[in-house]
Amino acid sequence: MTQDTSVDLLVIGAGPTGLFSAYYAGFRGLSVGVVDSLPELGGQITAMYPEKAIFDVAGFPSVKGRDLVAGLVEQAASADPAYFLDRTATTLEHGDDRVAVILDDGTRITAGAVLVTAGIGKFSPRPLPAGEGWLGRGLEFFVPSFAPYAGKDVVIVGGGDSAFDWAQHLEPVARTVTLVHRRDAFRAHERTVEAVRASSVEIVTRAQVTALRGNGTVEEVEITVDGQQPLVRPAQAVVAALGFIADLGALQTWGLETDHRHVVVDSAMRTNLPRVFAAGDITQYPGKVRLIAVGFGEAATAVNNAAVAIDPTAHVFPGHSSEA
């Protein structure tokens, strides 16, 4: 069912930055709506690595992704946000002192300002060429829970952070873990690479998974190493961690100034469009660092400046939350 609604601030993206933005909008006394194309809150964390330990959030020496999301959702609840999940923002229209965003189901949301916190945009995993037809039959792109891998032989394909994080976390759970990467060098954090090297995980480099075999579900994989005879490893589970194809989707038609699929903002998190702000991984400016912690700070900056755009009599500095 479509609906027309109105909020002070519309946040596009329900990842950590978007959820903190929703809380902060409530702290500033703004009504807030949150749109996300995924069916659950938490963005990439919920979809890709809810069990992963995160180490760069202030105040948490270590926090699981799902626990961080749960805390952010609880915090955002104080703002009583209206959530529009499993829906995509498609069209942006400007009025004199309002903007309107139309969703893919026809819902029209009018707002005093829009804050884009869409991370890398809509994302889809890069396919494993040898895995065609095996998705859901032993092949997966995400590891939302470790329990299903207990006692299994697991083959992980990739050399980035996700591949090594999952290898490290699955090693004590699975019967065996084999990590396959096409190069000798890895993109993952050095500390995680060292931990995996020191574990029982078998690392096969300069190699590719060239075949999956089994009767109905995966039972073994063929690994072809440069210049050598193919290896065969038992596998009841294959995780393709080959990265993602990011797409800003309809946002690209709004007229936003972009730089390599990122939205250019100034020091107030303003985009080139009136009443449209951005925060988090989607933003670009000189010296930008893409961390969850940075996104939280940008969210506060964006919301405080949006509050003035919505009500010119408001102040950018809101006072300290400890004084509220």
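Begin by selecting Arg126: apart from its neighbours within four places in sequence, this residue is in contact (heavy atoms within 4.5 Å) with Phe141, Leu242, Gly243, Phe244 and Ile245. The model is a predicted one, in which local features need pLDDT of at least 70, side-chain atom pairs count only at pLDDT 80 or more, and totals for chains, interfaces and linings use all residues. Residues are numbered from 1 along each chain as its sequence is written, and side-chain values use heavy atoms, with hydrogens and water left out.

Arg126 sits in the loop between strand E9 (122-125) and strand E10 (139-140); helices (H or I, at least four residues) and strands (E, at least two) are DSSP runs, numbered from the N terminus. Its relative accessibility is 40%, so Arg126 counts as partly exposed (buried is under 20% relative accessible area, exposed over 50%, partly exposed in between, with a 1.4 Å probe and protein chains only). Next, display the C-alpha atoms of Arg126 and Ile245, which lie 6.3 Å apart in space although 119 residues separate them in sequence.

Now select helix H3 (residues 65-76). Its 12 residues reach 16 Å from first C-alpha to last, close to the 16 Å expected at 1.5 Å a residue, where the expected span is 1.5 Å times one less than the number of residues. Colour Gly65, Leu68, Val69, Leu72 and Ala76, which are buried in H3. Viewed down the axis of H3, the buried residues fall within an arc of 100° (taken from the directions from the helix axis to the C-beta atoms), so they line one face of the helix. Finally, show what covers them, including helix H1 (16-27), strand E5 (82-85) and helix H6 (292-310).
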